[in-house]
Amino acid sequence: MQEFEIPKTMKAMTLAAYDHLELATVPVPEPGPGEVLCRIKSVAICGSDPKMIHGGYRFANWPPYYPFIMGHEWAGQVVAVGEGVRDFVPGDRVAGEAHVGCGKCENCKRGHYTVCLNYGKDGHDGGLDLGHRHYGFYWQGANAEYNVYKTSGLHKIPDNVSYDVASMCDCAGVAFHGVELAGVTPGGTCVVFGPGAIGLCAMMECKALGSGRVIMVGRGAKLEKARELGADVCIDFEKEDPVRKVLELTGGVGADEVMECSGAKDSPMKACQLVKKTGAVAIIATYHDSEVMIPANTVNFNEIRLVGSKANPNVSAQVLHFFSTGAIQGEKLITHRFPLEEYEKAVDIFEHKKEGSIKVVIHP
Ligand SMILES: [Zn+2]
Ligand SMILES: [Zn+2]
């Protein structure tokens with residue numbers, strides 16, 4: 001077992017108020033029972049991060065207090081273990097999930113821990129702790145040199161997968177949960193809307209599960225990236241109508257499954273219009289618009305299976321395996337890397353899609 005020297009304080013990038021990031025020196029947290037302390041090696045910036053910085057999640061009470069340490073897509077090394085921890089030892093390379101369920105409610109008991117019924121009832125202040133964690137959203141996250149985690153949210157990283165790639169375990173898992181819920185018809189046709197990091201992962205996962213043809217709908221450099229990563233057909237929605245094109249490509253029948261990863265207001269409508277009768281549409285994206293149209297009659301008449309997909313329960317081992325085999329080409333999704341000190345610049349490049357950015361990784 002390796003021994004690690006652990007300092008008393010650490011660097012952390014904190015959100016001090018909306019739109020106000022501050023590099024701070026804070027105490028290194030100590031692992032409680034069932035928890036481990038991790039040295040954070042890589043944190044991937046997620047689409048939700050700039051939104052939280054700008055105050056876009058006030059309705060969800062994220063962050064719940066200031067100053068708050070964000071960051072939820074991460075990988076690192078276990079450096080100390082708390083009481084009763086037997087499944088991890090110092091030195092283990094691990095990737096983390098943002099959600100850990102309370103383990104006691106009906107949903108958690110059935111494995112649906114990202115929709116825990118005790119979500120958000122407890123707080124960081126120790127007043128009430130029902131056991132649920134949502135690291136980086138309402139519990140201290142990974143934008144720091146260290147953080148403590150419950151071991152139930154951790155997964156060992158295969159030797160041939162780097163920390164940078166493993167930090168996308170959460171992101172690739174969000175895609176894979178939706179892909180699993182929709183199901184993939186071997187030899188069939190899948191359509192993916194939105195070639196961002198989640199959509200690109202979904203595309204590679206559909207192929208890994210045996211889809212015969214994956215059609216990506218998007219535009220610009222990201223659509224080109226989809227082509228490079230193996231999309232069989234790319235539809236530029238600025239140049240042609242995806243509904244007409246997909247129906248044309250499938251002899252008027254429609255796609256077997258659609259993975260909606262774009263978050264564009266009109267994509268769920270189009271997804272229902274181009275999926276075949278009895279096909280499945282997974283809503284993996286989230287939307288800035290509070291009201292998004294779903295064609296209820298089409299869903300009804302065509303018996304479309306429309307599934308919501310929240311986060312990434314029970315899929316981390318699979319996606320780490322896909323990174324390891326190359327089924328998900330993780331390295332090709334990472335376009336930028338920055339030290340923690342340059343977090344603000346990194347977020348700007350990521351948020352405003354500068355320099356062809358797809359996934360931006362921070363090294364605390
Ligand atoms: Zn995320
Ligand atoms: Zn629960």
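A salt bridge here is a side-chain nitrogen of Lys or Arg within 4 Å of a carboxyl oxygen of Asp or Glu. By that rule the structure holds 16 salt bridges. The coordinates are a predicted model, in which local features need pLDDT of at least 70 and side-chain atom pairs count only at pLDDT 80 or more, while totals for chains, interfaces and linings use all residues. Residues are numbered from 1 along each chain as its sequence is written, chains are lettered from A and ligands numbered from 1 in the order in which they are written, and side-chain values use heavy atoms, with hydrogens and water left out.

**Stop 1: the zinc ion**

Select ligand 1, the zinc ion, and then its protein donors: Cys46 through SG, His72 through NE2 and Glu73 through OE, at 2.1 to 2.4 Å. Donors are N, O and S atoms within 2.8 Å of the metal (3.2 Å for Na, K and Ca); water is not among the atoms, so sites may look incomplete. Along the chain the donors are spaced C-x25-H-E. Colour by secondary structure next, where helices (H or I, at least four residues) and strands (E, at least two) are DSSP runs numbered from the N terminus. Cys46 sits in the loop between strand E3 (35-44) and helix H1 (48-53), and His72 in the loop between strand E4 (68-69) and strand E5 (73-81), so the pair ties together parts that are 26 residues apart in sequence. Both Cys46 and His72 are buried. The classes are buried for under 20% relative accessible area, exposed for over 50% and partly exposed in between, with a 1.4 Å probe and protein chains only.

**Stop 2: the two domains**

Colour 9-170 plus 313-363 as domain 1 and 172-308 as domain 2; these bounds come from an automatic or database domain assignment. Taken over C-alpha atoms, the domain centres are 27 Å apart.

Now show the interface. Contact means heavy atoms within 4.5 Å, and 19 residues of domain 1 are in contact with 19 residues of domain 2. About 1,600 Å² is buried between the domains, 70% of it from carbon and sulfur atoms. Buried area is the accessible area (1.4 Å probe) that two parts lose on being put together, summed over both. Select Val315, Leu333 and Ile358: they supply 27% of the area that domain 1 buries against domain 2, more than any other three residues.

How many salt bridges cross between domain 1 and domain 2? The rule finds zero.

**Stop 3: salt bridges to pick out**

Select Arg219 and Glu238, whose side chains meet in a salt bridge at 2.8 Å, N to O. Arg219 is in the loop between strand E12 (213-218) and helix H6 (220-228), whereas Glu238 is in the loop between strand E13 (233-236) and helix H7 (242-249), so this pair ties together parts 19 residues apart in sequence. Arg219 is partly exposed at 46% relative accessibility, and Glu238 is exposed at 54%.

Move on to Lys245 and Glu248, a salt bridge at 3.8 Å, N to O. These two residues are three apart in helix H7, a separation of about one helical turn. Glu248 is exposed, at 55% relative accessibility.

Finish with Lys345 and Glu342, joined in a salt bridge at 3.8 Å, N to O. Lys345 is partly exposed at 47%, and Glu342 is partly exposed at 33%. Then select Glu106, Lys109 and Arg110, which salt bridges with shared partners join into one network.
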